[in-house]
Amino acid sequence: MITGLCCLMFATRRQLSMLTLIGSVVLTRLIVEMIQIYTKNNGLKEFEEAFKHIGVVISLVVLIGIMGYDNIKPRLDDKFVDSKSYPVEACDYILENIDLSTAKFYNEYNYGSYMLFRGIPVFIDSRADLYSPEFNSGVNVFEDSESVGSFEMDIDEFVEKYNITHIILSNQSQLNKVLKKIEGTKYKLVKEDENFSFYKIENL
């Protein structure tokens, strides 16, 4: 158990909490059993007596507090959201300038969850099952989203089918590079930063 949790911790940082919560219980049990085996319970009784002293308890609490603070201090100034992966500025613009009750957005799969977090309705997010035909009156929203991104479906056809009013895309996506070339037709670029572009679709 401990070995497995350690491997998970090294694989991804968020598993450190699992190692702390579950691993501490397992490790404590192993230590207690080891003391009982090798000291015939005398060492364990001495250990319990030592912990009855209030000074020891206070010292341990202070030590754990210092170690915990030292561990989180380098991360106190970390940004909650990486603007390279999520359209932070575009979402700020949407919330300040767009009427969400009438807008219909097209967004890519990877950052739909962030838009939902900001309270913005999305075309698709990481809960892929919800966009299958079973939940959308027979329409395969997930497949259409992938098709327009890979140019299997024409962008004009896609926009008309879903009544899309705005499009938000990663600057690295192929669809965005195409829209940049035809920008000024009915696809008007209204907001752009280093990582994302936001378009308004105008009726011609």
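# Chatting through the fold

Modeller: Among this chain's contacts between residues at least 6 apart in sequence, 46% join residues at least 24 apart. Keep in mind that this is a predicted model.

Colleague: Good to know! How many helices and strands does the chain have?

Modeller: There are nine helices and four strands. Going along the sequence, the pattern reads α-α-α-α-α-β-α-α-α-β-α-β-β.

Colleague: And what share of the residues counts as buried?

Modeller: Of the 204 residues, 28% count as buried. The accessible surface of the chain is about 13,900 Å², and 57% of that belongs to carbon and sulfur atoms.

Colleague: Speaking of surface, which residues form the nonpolar patch there?

Modeller: That patch is made up of Leu27, Leu30, Ile31, Met34, Ile37 and Tyr38, and together they have about 660 Å² of accessible area. One of them, Ile37, sits in helix H2, which covers residues 16-39.

Colleague: Why does Ile37 count as exposed?

Modeller: Because its relative accessibility is 61%, and the cut-off for exposed is over 50%.

Colleague: Where does the start of the chain go? I'm looking at Met1.

Modeller: Met1 lies in the segment before helix H1 (2-11).

Colleague: What does Met1 touch, leaving aside its neighbours within four places in sequence?

Modeller: Met1 is in contact with Ile22 and Val26. Even so, Met1 counts as exposed, at 64% relative accessibility.

Colleague: Let's switch to charges. How many salt bridges does a search of the whole structure find?

Modeller: Six. One of them pairs Lys191 with Glu89, with the closest N and O atoms 3.9 Å apart. That pair links distant parts of the chain: Lys191 is in strand S3 (residues 187-192) and Glu89 in helix H5 (residues 88-97), 102 residues apart.

Colleague: Are those two buried or exposed, or something in between?

Modeller: Both land in between. Lys191 counts as partly exposed at 26% relative accessibility, and Glu89 is partly exposed too, with a relative accessible area of 41%.

Colleague: What about Asp156, which residue does it form a salt bridge with?

Modeller: Its partner is Lys186, and the closest N and O atoms are 3.6 Å apart. Asp156 lies in helix H8, while Lys186 is in the loop between helix H9 (174-182) and S3, so the pair ties together parts that are 30 residues apart in sequence. Asp156 is partly exposed, with a relative accessible area of 35%, and Lys186 counts as partly exposed at 22%.

Colleague: Now Glu108. How far away is the nearest side chain of opposite charge?

Modeller: That would be Lys177, 11 Å away. Glu108 is buried yet has no salt bridge, since a salt bridge needs the nitrogen and oxygen within 4 Å.

Colleague: So what is 2.8 Å from a polar atom of the Glu108 side chain?

Modeller: The backbone nitrogen of Ser170.

Colleague: Where does Glu108 lie, and what else is around it?

Modeller: Glu108 lies in the loop between strand S1 (105-107) and helix H6 (112-117). Apart from neighbours within four places in sequence, Glu108 is in contact with Ile124, Ile168, Leu169, Ser170 and Ser173.

Colleague: Last topic, backbone angles. What is phi of Ser137?

Modeller: Phi of Ser137 is near 55°, a positive value in a residue other than glycine. Ser137 is in the loop between H6 and helix H7 (141-149), and it counts as exposed at 78% relative accessibility.

Colleague: And what about phi of Asn163?

Modeller: Asn163 has a positive phi of about 55° as well, although it is not a glycine. Asn163 is found in the loop between helix H8 (155-162) and strand S2 (166-170). At 48% relative accessibility, Asn163 counts as partly exposed.

Colleague: Thanks, that's a handy tour!

Terms used
Residues numbered from 1 in each chain as written. Predicted model: local features only at pLDDT ≥ 70, side-chain atom pairs only at ≥ 80, totals over all residues. Heavy atoms only, no water. Helix = DSSP H or I, 4+ residues; strand = E, 2+ residues; numbered from the N terminus. Buried < 20%, exposed > 50% of the residue type's maximum accessible area, 1.4 Å probe, protein only. Lys, Arg positive; Asp, Glu negative; His and termini not counted. Polar contact = N/O pair within 3.5 Å; in protein donor to acceptor, adjacent residues only side chain to side chain. Contact = heavy atoms within 4.5 Å. Patch = residues over 30% accessible without salt bridge, like charges linked within 9 Å, V, L, I, M, F, W, Y side chains within 5 Å. Areas by Shrake-Rupley, 256 points an atom, 1.4 Å probe, with all protein chains shown as cover.
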